[in-house]
There are 2 protein chains.
Amino acid sequence: MTEPAIAPTRLWSDLMTLASIGALPHGGCDRLALTDADAAGRHLFAHWCREAGLPVTIDAIGNMFAWREGADPALPPVLIGSHLDTQQPGGRFDGPLGVLAALECARALDRAGARTRRPVVVVNWTNEEGARFAPGLMGAAVHAGSLPLAEAYAATDRAGRRVGEELRRIGFLGQGKGPLAAHCYLELHIEQGDRLQHAGKTIGVVEGTENNLFLLIDCWGENAHAQATPMRQRRSALLAAAAPITEAEQIGQEHAPAGSAGIAAMDVLPNNRINIPHHARLSFSATHPTSDGIEAIRTAIAAAAVRVAEQTGTRIELEPAPVRPAVDFDPALGDAVEQAAADLGYGTMRLRSRAGHDAIRMAPFCRSQMIFVPCEDGISHSERENMTESDAAAGAAVLLRVLCRMAG
Amino acid sequence: MTEPAIAPTRLWSDLMTLASIGALPHGGCDRLALTDADAAGRHLFAHWCREAGLPVTIDAIGNMFAWREGADPALPPVLIGSHLDTQQPGGRFDGPLGVLAALECARALDRAGARTRRPVVVVNWTNEEGARFAPGLMGAAVHAGSLPLAEAYAATDRAGRRVGEELRRIGFLGQGKGPLAAHCYLELHIEQGDRLQHAGKTIGVVEGTENNLFLLIDCWGENAHAQATPMRQRRSALLAAAAPITEAEQIGQEHAPAGSAGIAAMDVLPNNRINIPHHARLSFSATHPTSDGIEAIRTAIAAAAVRVAEQTGTRIELEPAPVRPAVDFDPALGDAVEQAAADLGYGTMRLRSRAGHDAIRMAPFCRSQMIFVPCEDGISHSERENMTESDAAAGAAVLLRVLCRMAG
């Protein structure tokens, strides 16, 4: 048996091949969950798994599990992977890197003739992004038992189509099972921030997540004719909503670089050109590594809402939403990632994730750990999302080394 | 034969009865064009027409025509009416007043045993509002020959349903015809502004419409993760769009009370809470009685767009849209309205419409004229839309008097 090793060109080739499915004109991808493009990506992944001799099972929420036997099949497996679905528009790496690197790890074990004690399972989680069906992290949440299957099935997109129907339509409503227990879960992902790039480090040892705050800001005005209503009689919800957008940005700037804040989404009713809107709903989100920081942001946006409502004579309500508190990953697994990176000569940095990941849902289910690699300028969820071939290979190599250690 | 006279309580009762179809909790209505509620309103109107002995024909775009014979059936008829569809939410009077007052005029002629020389045709135009299917004023435009039927059929709502399919679904895709020529078209409508109320006048003699300007303002940013992207790397199209919303309002205030301006609708892409949007499209509209005024507004919003783009580092484009120039109604008909109101002892005011109306599409087809009556505080396209029973009756009485004169 030789030492297992990643084939960097194969990994990069797989990433670029997958990126051709749902390819967008400016270098990005659109494989929104449970669309035809998502199905095509899933079929390609299943094809590669079969080529690698890994049987694939699909569970009731469409999670795909590719199984590599261990010397002791009774032992809980090491689970590695991420997701193949994207935002719309999305990039080529957010998600696929973790799945395809995991598959390449399995092939690396084969090439080396290695047999691990524990089984190794490569996973593609369903609907991580949540861009079409809320909530995101859906497949991992169902697998970990924190989201009832029936609730996931009932989630609808803006056209009223349901997860259950769409899973059946694309042929990925399975009857198989994932591992009922797992020894641990490992996920490789691009950082989606620029801390690694700024520090000149290759491997991020992810200690957990930061505090996340989501709030809905409802601005209420009065419906009226958009051309005929006298200016002094107008009370536009859209006009009232303009101020919180800029206030949220200022709050984010004031808390940068540690924290962030902003408005990303907005729905206007009735939203046609001859009606002054009576309702505008803003989706505010913020992150901060400390509880004090996230509470300061919450206080600031609430104060801004009160101020703007007074200034515009409209009613503004904040839907009380709990802070999604920081999640900690497994310290021993973090040490293992750091050691593996050091063994391979890569510079490391400890950091926390600002974005949500399947590993957050897996953490209560089994010991979980993420490995970050740099992405260009911290840009993701974008056609501009980019990374280097060598960083992809470095991340996969660290994943393989930790996997070997954990699988025995 | 006695002098024909409106029955005010019947007209008000009809308005309130119709308002129960699609009734909303705060006093408004939702009978969006070609929905089940619109169909129910149409069936009620057809029932009342049959009760009044008026045969109803329905044309290929769903316009409903109720015919009252004249002594000389060969003469082009006098056409009177408006529309029964509403905004979402809409009020109880914008549209129905003109249709139900016209029907009451026909009943008043019957009660008086009056026989006019010309036929009288009461019309309910399809999809005046344009809230679900663009363009608005659809039925009148098809009838007047300015919108091809096939183009109207192909218009889709946000769910992708087409006008042609929806007309067939609700059973109002007819094979009948409206009058191929009309002697004139008369339309009674609430003012949708507060000039009559402020002046203490009951009848508005509508000289025509004001200049209307519609512009699409496209704000372009960069797609990115809404939580993980460093604040300094963000270029949100939504943030860039906030400034034009307030700038448009200021321009409107500066040109008030003669002119108006504002942003009524906004689409954000991709519009989910974890993506910084790359595109926000604003729908700007403005009115002004003079060409100089409307051009000044156009120049001001264009300058604001350039300024905001520079300040926010984003790209802002204005889709060049021609001013919808002022339309003039028939001066002799205007004089006839003024005379009829004076004969009945109602105070009058000459004014121009800021909103679009079916009469605008009819004006090139035949001599056309509108009669305005006050609406409370100038509020329309709103559940708060309101008017008095006596003003409704006054408008119907003036309509009847002009009708008698024109129909001979």
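## The open sheet of chain B

In this predicted model, chain B holds an open sheet of eight strands in the order β1-β2-β4-β3-β5-β14-β6-β13, with mixed pairing; two strands pair if DSSP finds at least two bridges between them, and strands (E, at least two residues) and helices (H or I, at least four) are DSSP runs numbered from the N terminus. At the edges stand β1 (56–58) and β13 (348–353) of chain B, each of which pairs on one side only. Strand β6 (residues 203–209) of chain B pairs with β13(B) in the parallel sense over six bridges, and Val205(B) stands opposite Arg350(B) in β13(B).

Residues are numbered from 1 along each chain as its sequence is written, and chains are lettered from A in the order in which they are written. Local features need pLDDT of at least 70, side-chain atom pairs count only at pLDDT 80 or more, and totals for chains, interfaces and linings use all residues.

## The contact between chains

In all, 62 residues of chain A are in contact with 62 residues of chain B, where contact requires C-beta atoms, placed from the backbone, to lie within 7 Å. On the side of chain A that touches chain B, α8(A) gives the most, with eight residues, and the elements that give two or more residues include β7 (211–220), α8 (237–255) and β9 (260–269) of chain A.

## Contacts of Leu399(A)

Leaving aside neighbours within four places in sequence, Leu399(A) is in contact with residues including Ile80(A), Ala101(A), Leu186(A) and Ile371(A).

Terms used:
Contact = placed C-beta atoms within 7 Å.
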